Each structure stands twice: as structure tokens, then as C-alpha cells.
Amino acid sequence: MRVLIVEDEKALVDIIKKGLEEEGYAVDVAYNGEDGLFMAENEPSDVIVLDIMLPVIDGMTILKKIRRAGVKTPVLMLTAKDTVMDKVSGLDSGADDYLIKPFHFEEFLARLRALIRRDSEVNTSVIEIGDLTINIATHEVRWGGKNVLLSAREYSLLEYMAVNRNKVLSRTMLSEHLYDHDFDLDSNVIDVFINRLRNKIDRGFDKKLIHTLRGAGYMLKG
Amino acid sequence: MVVLFIVLSLLGAFLYLSLDEIVYNSIDSGLLSRAKALATLVNENDNETEFNFSDEVMWEYNSPKASVFFQIRRFDGTITEKSESLRGSDLPFQTGEKQMNFETILLNGVPARMVNFYIPYNGGTKGKETGKGIKSNRRGLIIQCAEDIDEQTELMQNYLIVLSLSILFVMIISASGVFLIAKKALTPIKEISETIDRISESNLSERVTMEEIPDELKPLASSFNRTFDSLERSFNRQRQFAADASHELRTPLSVILSQSEVMLRKERTAEEYKNALKAVGEAADMMSQIVRKLLTITRLGADKVELKIENIDPGEIISESVKLLTPLAEQKAVGINVSVPDRLVVRGDRAALLELFVNIIDNAIKYNLPQGRIDISVKKEKGFIITEIKDAGIGIPESDLGRVLDRFYRVDKSRSRDLLGVGLGLSICDEIVKLHGGRIDMKSRPGTGTLVSVHLKGAEDAAQA
């Protein structure tokens with residue numbers, strides 16, 4: 001999952017980015033409104049974390065502009081403004097959720113997960129595909145009752161494919177949602193991770209979950 | 001009102017008594033002349049008294065409707081003659097009284113005025129009388145003349161009633177007049193007081209409307225308004241402080257919370273913990289700076305701040321400021337060039353001006369390029385001492401120039417955060433300069449640098465000394 005953070009407080013961005021990356025998210029950062037608007041419109045993010053008080057262009061304006069431009073990415077407003085009116089105008093401008101500083105990191109993660117879930121067909125924090133269960137809150141993956149140990153990247157790939165199950169996902173789409181825009185896109189990396197996942201999940205079972213669609217990409221069927 | 005009542009009552013009593021005296025005096029003098037007239041008609045010898053009353057004279061006393069009466073007694077009290085008008089009654093007599101006297105009596109149930117006129121017997125004993133007066137004379141006549149004063153009494157009573165009613169009427173009229181005038185005069189005061197009652201924490205901006213208030217009360221109303229103005233200002237300042245503080249403290253608090261929570265999610269290396277603690281420390285430091293500067297600015301903004309205005313040499317303050325900032329400037333290898341002409345004097349508070357120049361020069365160093373330079377010059381123009389601080393730093397975009405004096409405004413926080421700026425320095429400067437009756441002008445071009453001009457009041461005469 002790829003998160004765009006538009007926030008001008010560098011110290012805050014640093015730690016959020018670190019925490020999110022440890023959770024397996026790919027994180028892009030914009031430190032001002034202008035960059036934020038550009039990235040929101042052009043980077044394929046799964047969720048946008050948007051501060052309201054920003055240099056150059058404020059968060060509220062960015063939100064209105066990207067919604068008008070047809071960007072449907074869920075937006076979590078992150079702000080120091082805490083009046084009811086601020087919340088209302090934020091939500092009315094097209095924000096999907098609103099988090100007031102100072103916030104707890106766990107709550108921040110939970111809200112991000114809820115926003116990502118809302119955007120997919122998954123409604124609970126546990127995704128079940130056949131014998132495979134993925135807890136997106138704890139990152140616990142079970143396969144036929146047994147715990148499967150995955151690296152952060154492997155987990156992210158599996159979660160993304162599970163959230164978008166039964167959809168054809170190209171190598172570009174996968175890498176775009178798993179890596180931030182600083183990453184040198186080399187689709188071979190995706191193949192490597194797909195192989196590792198297959199080794200940990202599909203090996204030894206008759207019913208395969210991960211399917212290769214020649215020339216198009218991969219799909220998690222179930 | 002009570003005083004008015006007393007004055008009117010005294011006046012009324014005086015009028016009544018004066019009229020009473022006039023009326024009785026005229027009656028009394030009439031009675032006396034009657035008595036004297038009767039006396040001329042009396043002749044008394046040693047044993048006999050002769051009355052030479054003619055019918056014309058007696059007619060007046062004997063008619064049934066007569067309102068005048070007479071009666072003649074001897075000194076021992078025996079009645080020798082009396083008018084028919086008295087009918088069965090006698091005029092009262094008190095033995096012992098031997099002088100002419102007037103009294104008011106009740107005759108047949110009607111008030112009357114009476115005179116007792118004494119005529120001593122002269123015959124034969126005249127010589128003995130000398131020096132001993134009437135009293136020594138055992139013989140003589142008393143002519144008692146009386147007149148019905150029912151009418152006069154009634155007149156006096158009517159007069160008393162009219163007078164009392166008049167006083168009462170005047171009292172009522174003046175009381176209601178006073179009440180109406182007072183009510184009219186007090187209405188605006190009541191309105192003012194109602195307005196003041198209405199003013200509370202939530203609508204401190206409400207004021208007494210000056211148009212509807214009479215001129216006499218305008219000073220009162222405007223002083224109320226001024227009081228509430230300053231109350232509102234200080235209240236707003238407190239509210240602004242609370243809002244600013246909570247807003248600005250939220251971000252470093254988020255950093256501290258996130259740092260500790262993310263770090264505690266799993267085991268970390270010592271290096272990671274060290275970095276986290278450093279970040280937490282910086283956030284806490286930021287918070288303490290914010291709190292300190294907010295308090296400074298709130299104190300400066302309060303009306304009660306007392307400036308010790310004196311004549312100050314701007315060169316001295318500037319070189320003191322530069323000296324304080326030399327370590328910071330050396331760290332960034334920024335050169336500071338100061339040129340201040342002699343014999344310039346500004347009017348200001350030494351401590352406040354030092355804070356002002358330290359803040360501005362501090363900014364000029366922070367936002368300067370490494371190995372950049374700062375030029376500080378002072379000139380005099382139209383009574384103002386203008387200090388120009390020019391840096392060759394990153395500059396401020398034109399769109400932000402108008403807002404840099406606002407609290408917490410930072411042009412680009414992601415950049416200046418490293419410089420530990422909290423966006424309060426310039427607004428503190430602004431407050432200080434405003435308190436001195438001056439102003440700050442800023443010119444800037446991104447990439448070229450910023451020129452800050454501080455206008456402070458100069459001291460004309462002192463400059464020559």
C-alpha cells in the first residue's frame with residue numbers, strides 16, 4: 001500500500017514515514033501544498049494523509065482541487081485545528097476521515113487501514129481467501145491454520161493482492177503501490193517477491209492462489 | 001423634596017400668621033375706637049354713673065342682627081350697662097386685670113374679639129392716683145366692646161385651607177416634575193447600565209451607542225466604552241494566546257507521541273533509540289521555546305507593560321546585539337558590517353530595543369547563506385531614526401511578505417524548522433516597535449535577501465547635545 005503524506009513539519013514526517021515503512025507501506029512525502037497537489041494528482045497513492053496548514057497551497061484547497069479533478073483516493077486530514085467547524089468543512093471538502101494532532105500512532109494506523117478497506121471490497125480487518133486468512137491489523141497470515149512468516153515487503157504484496165483479489169494486477173501497478181516514487185522501478189523485483197510468496201503460500205497445496213497471466217501480470221484468485 | 005416641603009411650610013405659616021395679625025389688628029383698632037367713643041359718653045360721679053347714649057349710637061348695638069356688642073362694668077365686676085345685642089349673655093370678665101387688653105372669646109357659640117377698656121374714676125381722688133396707676137384706684141368703669149369675628153375666622157380658615165392645598169399642589173407638581181425629569185435624565189444611564197449588563201465574555205464587542213446619549217453623559221459612556229475596549233483587547237489577547245499555544249504545541253506533541261509509540265513497537269538498535277530521543281528532545285525544546293516566546297509576546301501586548309523610555313544611542317544597542325550574536329554568526333561564517341553615525345539618539349526602552357535588534361539580527365543570520373553578509377546602517381529621517389538590517393539570505397516571497405509579522409508565520413516550515421525558528425521572533429519585534437510608536441518595513445526578494453527597516457522615534461533636541 002502506498003501512502004502520500006503532505007505535511008510541512010519535517011520532524012513529524014520523519015517519524016510517521018519510519019513507522020509506516022516498518023508496517024510495510026510505501027511512503028511518498030510532500031513538504032508543501034504545491035508538491036502535494038502535484039503528487040496527489042499524479043502518483044498512484046492508496047491513501048493520502050493531508051495537513052491543512054501548508055505553505056504555498058493549503059490542504060483544504062488541495063482537497064477540493066483533487067476531488068474536482070476526479071481523484072478518488074481516500075484522504076485522511078491531519079491537522080492542529082480542532083473546532084467542529086474545521087472538521088465539518090474538512091469532511092465537506094471531500095476528506096474521508098479527520099485526525100487531530102496530537103494523535104496516537106496506533107490510531108493513525110487503524111484509521112489508514114479503515115480507509116484502505118473502505119476503498120476495497122473488504123469490510124473487516126481479516127481477509128479470508130479459501131484457507132488463507134490475512135489480518136491486516138496485526139499482519140498475521142495463516143494458511144490452513146498454520147502461521148506463515150512473511151517479510152514486510154512480502155506481506156505488503158500479499159495484502160495488496162488480497163485487497164484487490166480477482167483483479168489482474170500488472171507488474172507496474174504492483175510496484176507502484178508497493179514502492180514510493182523514489183524507487184527505481186524494475187518489474188523484476190516484483191517477480192522475485194511473487195516467487196517468494198508462492199514458496200511460502202502455494203507450495204505443497206493443490207489449489208494455487210497466485211496466478212500468472214502471461215503478458216498481463218498476476219492475480220490472487222479465490 | 002423634604003427641604004422644599006419645609007421651606008414651603010415655613011413660608012405658608014409666615015403668610016398665615018401675618019394675615020392673622022393684620023386681620024386682628026384691624027379688628028382690635030376698630031374695637032378700641034368703639035370703646036373710646038363709648039367712653040366719651042360716660043360721666044361718672046362719686047356715686048352715680050351717667051350714660052349719654054343717643055339712639056343713633058345705640059341702634060348699632062341694639063339691632064337684632066348686630067355683630068357688635070358692648071358692656072360696661074364697674075371695677076369690681078358689676079355690670080352697669082350692656083347692649084341689647086348681647087341678649088342674655090355677658091361678656092366675660094376677669095378680676096385683677098386692670099389694663100386695656102384684647103382677647104378672643106366665645107359668645108353664644110360664635111367666636112368674638114373683645115377689648116377691655118378701663119376708665120378710672122377721676123373725681124376727687126385724682127391727686128392720689130398719681131404714680132400709683134389704675135390699680136390703686138378702686139373705682140372706675142370697664143368698657144368692654146366685642147365684635148363677632150365668625151367671618152374673619154372663617155376667612156382665615158379658608159385661607160389656611162387654600163394655603164395648605166397650594167403647598168400640597170406645589171409639592172405634587174414638583175415631585176412629579178422631578179420624577180419625570182429624573183426619569184428622562186436617567187433613561188440613558190439605564191440604557192448604559194443595561195448594555196453593560198449585557199456585555200459578557202461571549203459578546204465583549206458590544207458597546208454603548210453614543211448617538212442616543214445626551215451630551216452630558218457622553219464622557220461617561222465613552223469612558224465605559226474605553227474600559228471595555230481595553231478589557232476586550234486583553235481578553236482577546238488571552239484567547240489568542242490560548243489558541244496559538246494549543247495550535248502550535250500540537251505538532252511537537254505529535255512528534256513526541258509518534259516517536260515514542262513507533263519506537264516501542266519493536267526492539268531497536270541503540271542508534272535508533274538515540275535518534276528517537278534526540279527527536280523527542282528537539283520537539284520538547286521547540287515546545288519550551290514556543291511557550292516562552294508566547295508569554296513574552298502576550299506580556300508585551302498587555303497594556304500594563306511599562307517601558308522605561310530614555311535617550312539611547314542606537315549604535316550602542318546595535319553593537320551590543322551584534323556582540324550577543326557573534327557566536328551564532330561565526331558558526332555560519334556570516335560577516336556583520338555595522339555603520340552607525342555618531343550623535344544619533346532614539347527614544348526607547350533599553351531592554352526592549354535590545355530584544356528587538358537581537359531578534360532581527362538573529363533572523364538575518366539564520367536565514368542567511370553560509371558565508372553571507374549582513375549590513376546594518378542607521379540614518380535619520382523626518383524625526384525618525386531608521387535602522388536598516390540587510391541580509392543576503394534566502395529572502396521571502398512577495399506573497400508572504402505581508403504575513404511575516406504574524407504570530408507563528410513561517411515562510412517555509414520544512415526549511416526553517418532546522419533553524420529552530422518558531423515563527424514568533426518577528427511578531428515580538430512588531431509588538432516592541434508598535435509600543436514605541438514606530439513601525440517595521442520589510443523588502444525582500446527570494447534569492448537576493450531581505451531588508452528590514454526599523455523606524456523608531458528620535459530625540460530632536462538631545463541629538464544636538
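Visitor: In the hairpin that S7(A) and S8(A) form, which residue in the turn has a positive phi?
Guide: This is a predicted model. Strands S7(A) and S8(A) make a hairpin, and four residues lie between them. The turn residue with a positive phi, about 65°, is A:His139.

Visitor: How many bridges join strand S7 of chain A to strand S8 of chain A?
Guide: S7 covers residues 132-135 and S8 covers residues 140-143, both in chain A. The two strands run antiparallel. The number of bridges joining them is four.

Visitor: What is the bridge partner of A:Ile134 in S8(A)?
Guide: S7 of chain A spans residues 132-135 and is joined to S8(A). The partner that A:Ile134 has in S8(A) is A:Val141.

Visitor: Which residue takes a positive phi in the hairpin of S8(A) and S9(A)?
Guide: Two residues separate the strands of this hairpin. The positive phi, near 60°, belongs to A:Gly144.

Visitor: Which element gives the largest share of the side of chain A that touches chain B?
Guide: In chain A, 19 residues are in contact with 19 residues of chain B. Helix H1 (10-22) and helix H5 (105-119) of chain A each give two or more residues to that side. The largest share, seven residues, is that of H1(A).

Visitor: How many residues of the side of chain A that touches chain B are charged?
Guide: That side of chain A includes 10 nonpolar residues and three polar ones. The charged residues number six.

Key: Residues numbered from 1 in each chain as written. Chains lettered and ligands numbered in written order. Predicted model: local features only at pLDDT ≥ 70, side-chain atom pairs only at ≥ 80, totals over all residues. Contact = placed C-beta atoms within 7 Å. Nonpolar A, V, L, I, M, F, W, Y, C, P; charged D, E, K, R; others polar. Pairing = 2+ DSSP bridges.
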